[in-house]
Number of protein chains: 2
Amino acid sequence: MKKYGGSSVIELEPGAVEITIRTANTESFPCIYVEGAVESDETWMADDMSQDWSAVGTNAMFTDAGKTPEIFPFSYEKIYYQQREVLEDGVLFDFGRETFAAAEFFGLKDKAVRVQWGESREEALDREWSVIRFDRQPVDGRLSFEPYAFRYIFVSDKNAEAQAEYEYLPLAYRGSFHCSDEVLNRVWDTAAYTFHLNCREFFLDGIKRDRWVWAADAYQCLFVNRYLFWDQDLERRTLTALGGKDPFKVHINNIMDYSFFWIISLYEYYCTYGDRKFMEQIRPQMEHVMAFCRSRTDRDGFMRGRPGDWIFIDWAPMDKTGAVCAEQILYAKAMECFGKILQVLDGEDRGYLKLAKEVRDAVFAHFYDQQKGVFTDSYESGENRVTRQTNILAYLFLPCTEEQKRDIYTHVILNEKVPQITTPYFKFYENQVHCMEGNTGILEQSIRTYYGSMLETGATTLYEEYDPNMRGTEHYAMYGNPYEKSLCHAWSTSPVYLLGNYRLGVQNTGIAYDTFAVRPDLGGLASFSGTVPVGKGYVSVSMDSGEVRVTSTVPGGILQVFGREISLEPGKEAIVKKESGKKGRTE
Amino acid sequence: MKKYGGSSVIELEPGAVEITIRTANTESFPCIYVEGAVESDETWMADDMSQDWSAVGTNAMFTDAGKTPEIFPFSYEKIYYQQREVLEDGVLFDFGRETFAAAEFFGLKDKAVRVQWGESREEALDREWSVIRFDRQPVDGRLSFEPYAFRYIFVSDKNAEAQAEYEYLPLAYRGSFHCSDEVLNRVWDTAAYTFHLNCREFFLDGIKRDRWVWAADAYQCLFVNRYLFWDQDLERRTLTALGGKDPFKVHINNIMDYSFFWIISLYEYYCTYGDRKFMEQIRPQMEHVMAFCRSRTDRDGFMRGRPGDWIFIDWAPMDKTGAVCAEQILYAKAMECFGKILQVLDGEDRGYLKLAKEVRDAVFAHFYDQQKGVFTDSYESGENRVTRQTNILAYLFLPCTEEQKRDIYTHVILNEKVPQITTPYFKFYENQVHCMEGNTGILEQSIRTYYGSMLETGATTLYEEYDPNMRGTEHYAMYGNPYEKSLCHAWSTSPVYLLGNYRLGVQNTGIAYDTFAVRPDLGGLASFSGTVPVGKGYVSVSMDSGEVRVTSTVPGGILQVFGREISLEPGKEAIVKKESGKKGRTE
C-alpha cells in the first residue's frame with residue numbers, strides 16, 4: 001500500500017491496483033475528481049469508514065474538474081424592467097412578470113438606500129410589510145443583491161437604474177398543450193412558467209416562500225413534471241432530499257401524511273422510470289421511514305398522531321379525533337407501495353402487501369358508512385363528519401368497487417352541501433376524480449372559474465391559495481401578514497398534468513411506459529393539440545369533434561378512442577375519425 | 001398563541017406564558033440569546049422537532065449577545081521572535097520555543113514570497129518537506145496567516161520582518177510541582193507548557209498534527225488536567241465531541257479500544273466532578289456506543305475486530321489474532337463503568353455489572369497462564385505471546401489479587417526480556433504500575449532517562465514519540481516524512497499527573513473529592529513541594545526526608561504518611577515528622 005498526498009499524480013504499476021481516496025468536506029459534499037487511465041465514474045464505491053460500501057453518487061451536471069458539486073450550476077440571463085415609475089419617495093421598477101433574479105442598481109446618489117421587493121406592486125411599495133427589504137449603503141453608486149422572487153422592486157433613490165440576472169434551471173419544454181379555449185391556454189402557459197420557476201435544486205413549494213421541499217407538494221410535482229419537462233434527475237434529487245438522513249426521528253416535514261406520500265412517490269417514480277438502481281440507493285431511508293411508522297402503529301393497526309406530529313391532509317375543517325381515516329388510507333397505500341418496491345428489489349414483499357390489506361380492511365370496517373356509501377373522518381369522536389378530502393383519498397387510494405366510487409362521487413363530490421375544496425393542492429385530487437368519473441366538462445369549468453379568475457386579478461404566476469370572493473390586496477395576505485402568501489406556488493400547476501393525462505390522454509400502463517395508452521378526450525373543449533414526453537421520445541395528439549391524430553416516436557402505445565383500440569407504430573401517424581352514430585376507424 | 005419574527009421584542013402579558021423560539025443554523029450551533037424579564041439560561045429546554053425535549057446546552061464563555069458560540073473565544077497575545085537570522089536565500093525567525101500563533105510579515109519587497117513553518121529549524125529550512133508552507137504575493141509589503149504550530153519560520157524575502165499573535169486558552173496554572181531534581185523540574189515545566197498548547201476547544205493530541213481529539217489520548221489528558229488546570233468544562237467538551245452524533249456506525253475514532261476508553265473516561269469524569277447532569281446529557285450517546293459494542297459481541301462474549309475496526313492498543317508488536325486480551329479487559333471495564341453510571345442515574349445497572357464480571361471471568365479462563373502468572377495476548381493463535389501492554393492493562397483494569405499483580409510486576413514489567421514500551425502513551429500506564437507497586441525510584445529514573453534526554457535534543461515541548469538511540473533530525477521523522485512527527489504532543493505530559501498523584505500524593509477516594517487521601521512519597525527524590533487543585537480549593541504538600549507539611553483548603557482529606565493517618569482540617573497546616581526508627585507524629 002502506498003500513501004499519496006492531496007492533488008497527487010499517481011503512477012499505476014502493472015497488475016491489479018486498488019485505489020482508495022480519503023476525502024473530507026465539513027461544508028458540503030465530499031467529492032473527488034479523478035482523470036487519467038482510471039477515471040472517477042459511477043462504478044466507484046464509497047463509505048464513511050463504517051465499511052457500508054455503496055455506490056458513489058454521480059450527476060451528469062458535474063463532469064469536469066472545473067464544476068464542483070458545491071455550486072449548483074444554474075443558468076443565468078440578463079433581464080430588464082418593463083417600466084420605471086418615478087414616485088415621490090423613490091423609483092418603482094416593474095419587470096412585467098414574476099421572476100427570480102439577482103438585481104443590481106446603479107447611478108445611485110443617496111448615501112443610504114432602501115430597497116423593497118414585491119411579488120405585487122403593493123408589496124414592493126410597503127415600507128413596513130414587504131417581506132424582502134434591505135437598507136444599504138451604495139458603493140460607487142451601485143448596489144447588488146442575491147437573487148429573490150419578485151415582479152416589482154422599489155428603490156428609495158430617485159436616480160436609481162436597474163437590471164437583473166434571471167437564475168434558472170435550463171429545462172426543455174417537452175410537453176405542450178393548446179386548445180380551443182384561450183383561457184385554458186393562458187392557464188396552461190402560466191402554470192408551466194410557475195412550475196419552471198419552482199424547479200431548482202429540488203421541486204420547491206414556492207419561489208418566494210417557503211423555498212422548501214415538502215413531500216406532498218413534491219408528489220404533485222412528479223405528475224406535472226412528466227407532462228412538461230420529464231426531468232428524472234430533478235425527481236430523484238427531490239426524493240433524496242426528502243428522505244433526509246439518519247437518525248429518522250420525526251415524520252418527513254413533521255407531517256404524518258407526508259411520510260406516506262414520500263413512499264407513494266417513490267413507487268410512482270419507479271413505475272415511471274423503472275429505475276431499480278435508485279430504489280436500491282434510497283432503500284435504507286425507506287426502511288427507516290417504514291420502521292418508524294410501524295413502531296408508532298397502535299394495537300388496532302392504526303396510526304394516531306403522537307405529540308409533535310402534524311396531521312395535515314388539507315387546510316380545511318376536518319374531524320381529526322383519534323385515528324384519522326385519511327391517514328390510514330395513505331398508510332395502507334404506503335405499505336402497499338413499499339411492498340411492491342420490495343418485490344422489485346428482493347422478489348418478495350416481506351408481508352407488506354398483507355399488512356396493507358389488513359389496514360384497508362380495518363378502514364372499511366371502521367370508517368365506511370354502508371348505508372350512506374361514504375367515508376367518515378373519524379369513528380372515535382361520534383361526529384361522523386363527511387369531508388371531500390377523506391372521500392377523495394378513499395376514491396384514489398383504496399380499491400373501491402365501481403359502485404362505491406359512484407356513491408362517493410354522487411354523495412360527496414357532486415353534493416354542494418359538502419364544503420368545497422379551497423386549496424389548489426386538493427383541487428388536484430378532486431379534479432382527478434372528476435376526470436376518472438368521466439364527468440367531462442367539469443375540469444374545464446373548474447380551471448376557468450378558479451384559475452381563469454385568478455389570472456384576471458393580474459396574476460403572472462399561480463397563487464398558493466385563491467378565493468374568488470376576495471378583492472384587491474386581500475389576495476396577497478396569509479399567516480397574518482398582508483404579503484406572506486406565495487404568488488408563485490408549484491402545487492397550483494396541476495392543469496398541466498390534468499390536461500396532459502385526461503385530455504391528451506397519454507397514460508403509463510406498464511413500467512417506464514413499456515406499455516402506455518393514449519386515451520384522448522375532448523372533455524368540454526372543441527379541439528386541442530399537444531405533446532407528451534415519453535422517455536426520450538414523445539407522443540403528439542390532436543383532436544376535434546370529428547377526428548383524432550396521434551403520433552408516437554416510441555413503441556408500446558395503444559390508442560383508445562371512439563370505442564376503438566389501435567396499436568401505435570412508432571413514427572407513423574394514426575388517424576381515427578368519428579363517424580356520427582358509428583365507432584371511429586383508422587385511415 | 002402569538003407568532004413573532006426574528007429579533008422581536010415580545011411583550012409579556014400577565015399570567016403564565018410559554019415562549020417557544022425556533023432557530024436554525026446550517027453552519028454551526030443553532031443558538032439563542034434572550035434578555036429581559038425572561039432570560040436564556042440553563043433552565044430552557046430544546047428539541048429538534050422530534051419532541052425529545054432535553055436541557056439546552058449552555059456555556060460560561062457565552063454570556064452576552066456579543067459573544068456567539070460560532071466563534072470559540074480564545075485569548076491573544078503579541079509575541080516576538082528571539083532571533084532573526086539572514087541566510088543566503090531568505091530570513092529565519094526563531095521564536096525561542098514552540099508556540100501556536102498567527103504570523104504576520106512586513107517590509108516585504110519581493111513580488112512572490114515563500115514562507116515555511118517548522119517545529120524544528122531543519123523543518124523550517126526545508127523547501128520540499130516542511131509540513132506547513134505557502135507561496136504568496138504580498139500586498140503593500142505585508143502577508144498574514146492563520147495560526148499554526150511552530151518555533152521557526154523561514155521567509156524567502158531577505159527584507160522580511162515578523163511578529164506573531166499567540167492564540168491560547170487563558171487557563172490558570174492551579175497545580176504546581178518543584179523538587180530537588182532540576183531535570184524533573186524542567187520536565188514538569190515543559191510538560192505543563194506542552195499540555196497548555198494542546199488544551200483548546202478540546203484536548204488535542206498534538207498542536208501541529210493531528211490537531212484532533214482521540215479518545216485514549218483524551219483519557220490521559222483528564223488526569224493531567226486534574227493536576228494542572230482542573231478545567232471541568234474542557235473535559236466535558238472533549239467527552240461530548242468524542243461521543244459524536246447519531247447514527248453510531250463505527251467505533252470512536254474507528255478504534256475498538258477507544259470506544260471503551262471513552263466510557264471509562266466518562267465514569268472517571270463522574271467520580272472527579274460528581275456531575276450527574278452531564279451523565280444524563282451524554283446518556284443517549286453512551287447507550288448507543290454500548291449497544292453498538294454489544295451488537296458486535298461474539299457468542300463467547302468476546303469482541304473480535306470486524307472489517308474496518310482498528311485494534312490499536314499501542315504502536316508495538318503484539319499478537320492480535322482473534323479475540324485480543326487487551327480489548328476484552330477494556331470491554332469488561334467499560335461495561336463495569338457503564339453499569340456504575342446507570343446505578344447513579346437510575347439506581348440500577350441493568351445487568352451490566354454482571355456482564356462485566358462474565359467477561360472478566362472469561363478473560364481469566366482464556367488468557368491467564370496460571371503457571372507463569374501472566375496474561376497472553378491471544379489464545380487463538382497458539383503463540384502465547386506475552387507483552388507489557390496486555391499485562392499492564394490487566395494490572396490496571398482487572399481485579400487482580402495482590403499476588404497476581406506481584407507476578408505481573410516481576411515476570412513482565414521488571415523482566416528486561418519483555419520488549420520495552422516505546423510510546424509516551426503507554427509509558428503513562430507503565431509508570432502508574434511502577435508507582436502502585438511502590439518501586440519508588442523507577443519513576444524518577446524513567447522521567448530522567450526518557451524525558452530528560454528528550455530535552456537535551458533541544459525540545460521546548462514534549463515529542464509524540466522518542467527513541468534515545470536516534471540522532472539529529474531522526475527525532476523529527478514519522479510516517480515516511482522527515483518532519484511529520486508531532487513535537488508537541490499531549491500524551492507525553494504524564495509526568496504532571498504522575499508526580500502529582502504519586503509524589504504529592506493527592507488522590508480522590510470518593511465522589512468529587514468528598515473524601516480524598518494525601519499520600520506523599522519521596523520516591524527517588526530528596527525533597528519536593530507543590531500544589532494540587534481540588535474543586536475550588538487546593539492541597540499544598542511539601543516533603544523532605546524528615547518532614548511532611550500539608551495544607552488543604554477543602555474538607556474531606558486524610559493524610560497518610562510515615563505509617564500515620566491524620567484528618568486534615570481545612571486551612572490548617574498538618575506537619576508530620578519522621579522519627580528515625582519510629583512512626584511519625586503530629587506537631
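**Two chains in conversation**

Colleague: Leaving aside neighbours within four places in sequence, which residues is A:Phe338 in contact with?
Modeller: There are four of them: A:Ile263, A:Met286, A:Met290 and A:Tyr352. Keep in mind that this is a predicted model.

Colleague: Got it. Which residues touch the most other members of the largest nonpolar core?
Modeller: A:Phe338 is one of them, together with A:Ile153, A:Ala215, A:Ile263, A:Leu266, A:Ile329 and A:Val496. That core holds 159 residues. Its largest share comes from helix H7 of chain A, residues 325-346, which gives twelve residues.

Colleague: How many residues are in contact between the chains?
Modeller: Eleven residues of chain B are in contact with eleven of chain A. If you sort the chain B side by class, you find four nonpolar, four polar and three charged residues.

Colleague: Let's do strands. In what order do the four strands of the open sheet in chain A come?
Modeller: The order is E13-E14-E18-E19, and the pairing is mixed. E13 and E19 of chain A stand at the edges with a single partner strand each, so one side of each has no neighbour in the sheet. Ignoring direction, neighbouring strands here are turned by 25 degrees against each other on average.

Colleague: Do E18 and E19 of chain A pair in a parallel or antiparallel sense?
Modeller: Antiparallel, over four bridges, between residues 557-561 of E18 and residues 564-567 of E19. Within that pair, A:Gln560 stands opposite A:Glu565.

Colleague: What about chain B, which order do the strands of its open sheet take?
Modeller: In chain B the order is E13-E14-E18-E19, with mixed pairing. Its edge strands are E13 (506-508) and E19 (564-567), each pairing on one side only. The twist averages 25 degrees from one strand to the next.

Colleague: So where does the parallel pairing sit in chain B?
Modeller: Between E14 (residues 516-518) and E18 (residues 557-561), over three bridges. As an example, B:Ala517 has B:Ile558 in E18(B) as its bridge partner. On the other hand, E18(B) and E19(B) run antiparallel, joined by four bridges. B:Gln560 is the bridge partner of B:Glu565 there.

Colleague: Where does A:Tyr513 lie?
Modeller: In the loop between strand E13 (506-508) and strand E14 (516-518) of chain A.

Colleague: Is A:Tyr513 buried or exposed?
Modeller: A:Tyr513 counts as buried because 26 other C-beta atoms lie within 10 Å, and the cut-off for buried is 20 or more. In chain B, B:Tyr513 has phi near 55 degrees and is found in the loop between E13 and E14. B:Tyr513 is buried too, with 26 other C-beta atoms within 10 Å.

Colleague: Last one, about peptide bonds. Is the bond from A:Arg209 to A:Asp210 cis or trans?
Modeller: That bond is cis, with omega near 5 degrees. A:Asp210 sits in the loop between helix H2 (182-198) and helix H3 (215-226) of chain A. The bond from B:Arg209 to B:Asp210 is cis as well, with omega near 0 degrees. B:Asp210 is found in the loop between H2 and H3 of chain B.

Definitions and conventions
Residues numbered from 1 in each chain as written. Chains lettered and ligands numbered in written order. Predicted model: local features only at pLDDT ≥ 70, side-chain atom pairs only at ≥ 80, totals over all residues. Pairing = 2+ DSSP bridges. Helix = DSSP H or I, 4+ residues; strand = E, 2+ residues; numbered from the N terminus. Axes fitted to C-alpha atoms, helices over the stretch in contact; angles between N-to-C directions. Core = buried A, V, L, I, M, F, W, Y, C linked by C-beta atoms within 7 Å. Buried ≥ 20, exposed ≤ 12 C-beta atoms within 10 Å, placed from the backbone. Contact = placed C-beta atoms within 7 Å. Nonpolar A, V, L, I, M, F, W, Y, C, P; charged D, E, K, R; others polar.
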